[in-house]
Amino acid sequence: AEIEGEEEKEVDGEEEEALLAERFVVQYVPLLVIRCLDSSDSTAANVKRLFTLRQTLFSFDFQDEGSASLLSLLLRCVGHPLFLRTSVGRNFLIHLLSSVDEKITTGGQTVIRIQIPNSRTGVLEGYGQILLGAWKMAYSNNQSGPICAALEDFLQSLMDAALRCPTLSMNKSVRTVLGPLHSDKRYRDTNALLHRLYSPIMYRAARCPNPLIRSNVCTVLADAFPICDPSKKRGDARADLETGIDCMANLMADKDWRVRVASAPMAGRVLETFWDGLGSEQIRRLLDQLIKNQAFDSSTSAVRVAAIKAVTNLLEVPQSHAILRTLLPTLANLIHDKVQQVRLSICNLLIRIKTLRPIKFYHVVPVNHLLARLAREDSSGPVASALTELLLNSYFPSGEGVTAAKQIQRTVTLLLTAPDAAAVFYANISRHLAVNSVSKLMAMLLKCLIASVENDTDVVEEYEDPVGREKEKVLGKRSMKRRRQSENQNITDKGNESTLSSEEERE
């Protein structure tokens, strides 16, 4: 009986301790949340204490009306800068949205949806990391549970909003939130999630009659590509990949120019990122659309500019140089395009090619075309400056082993072969060289001019004595020779006259 009495006392003591602990949690957790939200007490230390007590949130019944005040405080944490700025705060929000209660999950999603239009890029990226972490935790805990389903529904609603946003700024904000999810697609579960959520809405939006939606598809497809189910067999996965390539090719040939403008960087990004993973026929198909069709689009210059920029970015992939070496010469005539922005894009492409060893820029556009274009450009325009930068090492070499004679030889060659282009070239050379280099070039040209004048024996040169004497005329050697000959002739004539006079006197 004594033993049973002691056990009952121990049980009663444990229950009392549990009751006291429960009362402490009920009172302390809301107080700690308030201190985290208060501007005077909101410190990272308080957020860390709240994260330490995160498991105590399971003791609250958020379906009860008595927990409405705490629920409101926790939802305020979702939009508080301190929780978004610190890693501990983001981890607490991940736990809050993924494990505690479905009501908190849906409420937090509403807060995030309201914050997206007016938030900065850093805040949007933080929301993306929180949503990704919350989905991963909910998926690992119970992938068929209501919280995981609510998070997936919210992510799909964001994807659909990115496809149907009417403004570019809103599309960029939503894509920033989805950015961490797109970056995490190398993992199998995330890739399966992207395929499961995008497949019902992506390709349907690509066939939408609204061209703004189709242009949004281009940007989102570039972020999410490839949309493949990793659980499928290899043949089925290739079919999913081919579906994505077909969608891209259709968008690149779209009848609306705005869609074609958006599709060029999409194709460039996909080729740049997945060059090794795509087949040769798929690569050739996209390159033909870029170089043979969009680069010569006659409807608007914006499509041509976008295509050239996409090809320029594609040069960052070394594996693409072999096939681009044969395709790039077809762009040579674009150096004479009537739109300045297209000509400038071609010049930037050639400047990028100049840094590569496998491709030579003068094999893409011949030098005579470059000089002819340079002669017709405005000396103060951006195209003239870009062409000067491109031809700088050719007509004004510099570096070790380059002598002044070689620089003068190249300068004289340019002056003789293309004088109009040389005038524009040397008018822009000061933008790309240091003051010392330009001064040395001027000094060398002045010395060459002086030497040329001195060697020309038919020119009369005037100079001023350094002491300040009067100017004297110095004749060339041939003129001096003629003068001496005339003086000798006069002396001879005078001698002859004196001889005749002496003979007459003798007579």
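Guide: Aspartate 288 is partly exposed, at 22% relative accessible area (buried is under 20%, exposed over 50%, partly exposed in between, with a 1.4 Å probe and protein chains only). This is a predicted model, in which local features need pLDDT of at least 70 and side-chain atom pairs count only at pLDDT 80 or more, while totals for chains, interfaces and linings use all residues. Residues are numbered from 1 along each chain as its sequence is written, and side-chain values use heavy atoms, leaving out hydrogens and water.

Aspartate 288 forms a salt bridge with lysine 292, with 3.8 Å between the closest N and O atoms; the term means a side-chain nitrogen of Lys or Arg within 4 Å of a carboxyl oxygen of Asp or Glu. The two residues are four apart in helix α15, which puts about one helical turn between them (helices are DSSP runs of H or I, at least four residues, numbered from the N terminus). Lysine 292 is also partly exposed, at 44%.

Helix α15 (residues 280-293) also holds arginine 285. Arginine 285 forms a salt bridge with aspartate 246, the closest N and O atoms being 2.6 Å apart. This pair links distant parts of the chain, as aspartate 246 lies in helix α13 (residues 234-252), 39 residues away. Arginine 285 is partly exposed at 33%, as is aspartate 246 at 29%.

The count comes to 16 salt bridges. One of them joins glutamate 377 to arginine 373, at 3.0 Å between the closest N and O atoms; glutamate 377 is buried at 9% and arginine 373 is buried at 11%. Elsewhere, salt bridges that share partners connect Arg175, Asp223 and Arg269 in one network.

The structure holds zero disulfides, a disulfide being a pair of cysteine sulfur atoms within 2.5 Å. Cysteine 247 has its closest cysteine sulfur in cysteine 218, 7.7 Å away and therefore too far for a bond. Cysteine 247 is buried, with a relative accessible area of 7%.

Charges also meet rings. Lysine 136 has its charged end over the ring of tyrosine 187, 5.1 Å from the centre, and arginine 54 does likewise over phenylalanine 51, at 4.1 Å. Such a contact requires NZ of Lys or CZ of Arg within 6 Å of the ring centre and within 35 degrees of the ring normal.
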